[in-house]
Amino acid sequence: MKPLRVLVTGGGGFIGSHVLKALLRQRIPTISFDMSPIDNAVSSVLTKEELTQVESVAGDICDFPALCRTIKEHQITHIVHLASMLIDAAASDPYRASQVMNGGFVHVLEAARLFGLRKVVWASSMAVFGPDTGDIKGNDDPHNPESVYGACKSWGEHMSEHYYKQWGVDSVGLRFGVVFGFGRLRGPTRFATDLIRLPALNQPFEFKYGSSLIDWQYVGDIAKLTVQSLLAGPLPKRCYNVRGESKTVKEAAEMVRRFVPDADIRLGDGIMAVVPVGDDTELLNDLGVRCETPLERAIAETIASYRSDPKYND
């Protein structure tokens, strides 16, 4: 059996960078495949020494020959697939979203089939269930996506099931919600990180949807879950709900103020539609882990990361 070598698509991005860091900590040879493999979140999340330990390939997930060439040249055995468009970008350009999210994921599954890769772990989303309606979604509840992004992720879950049943391609999707932490640069749920980042850097934060209930998922936990899913043996399901800690924005703001007492945080009473909360019992039963970092500790760690990074303190 070939030694473990992992390709992380979207490795230059927010979650991808933290997954790279988690893989490096386990001394797993890792290659990042991204259109912007260096000039991205990864340049902040990884130390200079860690950056030298990651091989980076500039590539587009829509370029199937380039993906296959990278897999062959680097003798890849596993893929973490995180290359995607964000919710707002997918809504404004559904044609490109279908190429990146649908076509790109099929490229990954087809490459896994052709090269006999041992496992694919990929980012699905709680958006497959539609907007939050107040009820907790079971792992196998029916999908009802209302966004282009959610529809593409739902389609991806169908394709992962098809490739498993038809050819035995082992893939595991993790349905992420609102992921926050150090290094978040973009996306409509960036507010969850900005609530922490801006006060940490002595800047004001204003948000009119302070009464919104958010399922806060710390990126450190998400990276750990991703790597554990990658290294686990075969799992009985192709996709799993991921659950964090549910608090309103106002409640999270009070936690921020415990570490930044003079924080200039101004919140309205509005409520915005976000992805629903999922029951992660199946993930705990089958994988034995779940998001475990208390929100207050995750906030403290994120504040410390921003305050210690020279890029944000010039």
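## The second largest pocket

The lining of the second largest pocket divides into seven nonpolar, 10 polar and eight charged residues. The model is a predicted one. This pocket holds about 510 Å³ of space. Its lining counts 25 residues. Nearest the centre lie His18, Lys21, Arg25, Tyr218 and Gly220.

Four helices each give at least two residues to this lining: H1, H2 (42-45), H9 (219-231) and H12 (295-308). H9 gives the most, with seven residues.

## The largest pocket

The largest pocket has a volume of about 1300 Å³. It is lined by 48 residues, and those closest to its centre are Ser84, Met85, Leu86, Ile87 and Tyr149. By class, the lining has 26 nonpolar, 15 polar and seven charged residues.

Both helices and strands contribute here. Helices H1 (14-25), H5 (87-92), H6 (94-115) and H7 (148-167) each supply at least two lining residues. So do strands S2 (30-34), S5 (119-125) and S7 (178-180).

Seven strands form an open sheet. Their order is S3-S2-S1-S4-S5-S6-S10, and the pairing is parallel. Strand S3 (55-58) and strand S10 (239-241) stand at the edges; each has a single partner strand, so one side of each has no neighbour in the sheet. From one strand to the next, the twist averages 20°. Strands of a sheet pair through backbone hydrogen bonds.

Take one pair in detail. S1 (residues 6-9) and S4 (residues 78-81) pair in the parallel sense over four bridges. Val8 stands opposite Val80 in S4. Helix H6 lies across S4, S5 and S6 (171-176). H6 runs at about 170° to S4.

## Enclosed cavities

How many cavities of 30 Å³ or more does a search of the whole structure find? It finds two. The largest cavity has a volume of about 80 Å³. Its lining includes His81, Leu82, Ala83 and Ser84. Met101, Phe105, Trp122 and Ala123 also line it, as do Cys152, Lys153 and Gly156. H6, S5 and H7 each supply at least two of the lining residues. H7 gives the most, with three. By class, this lining has seven nonpolar, three polar and one charged residues. Ser84 lines this cavity and is also among the residues closest to the centre of the largest pocket.

The second largest cavity has a volume of about 40 Å³. It is lined by Asp221, Lys224, Leu225, Gln228, Val289, Arg290 and Glu292. By class, that lining has two nonpolar, one polar and four charged residues.

## Asp309

Asp309 lies in the segment after H12. Is this residue buried or exposed? Asp309 is buried, because its relative accessible area is 12%, and buried means under 20%. Leaving out residues up to four places away in sequence, Asp309 touches Ser44 and Phe182.

Notes. Residues are numbered from 1 along each chain as its sequence is written. This is a predicted model: local features need pLDDT of at least 70, side-chain atom pairs count only at pLDDT 80 or more; totals for chains, interfaces and linings use all residues. Side-chain values use heavy atoms; hydrogens and water are left out. On a 1 Å grid over the protein atoms alone, a cavity is a set of points where a 1.4 Å probe fits but cannot get out, and a pocket is an open set with protein on both sides within 12 Å along at least five of seven lines; lining residues have an atom within 4 Å of a point. Grid points are joined across faces, edges and corners, and a volume is the space filled by probe spheres set on the points. Ala, Val, Leu, Ile, Met, Phe, Trp, Tyr, Cys and Pro count as nonpolar, Asp, Glu, Lys and Arg as charged, and the others, Gly among them, as polar. Two strands pair if DSSP finds at least two bridges between them. Axes are lines fitted to C-alpha atoms, for helices over the stretch in contact, and angles run from 0 to 180 degrees between N-to-C directions. Contact means heavy atoms within 4.5 Å. Buried means under 20% relative accessible area, exposed over 50%, partly exposed in between (1.4 Å probe, protein chains only).
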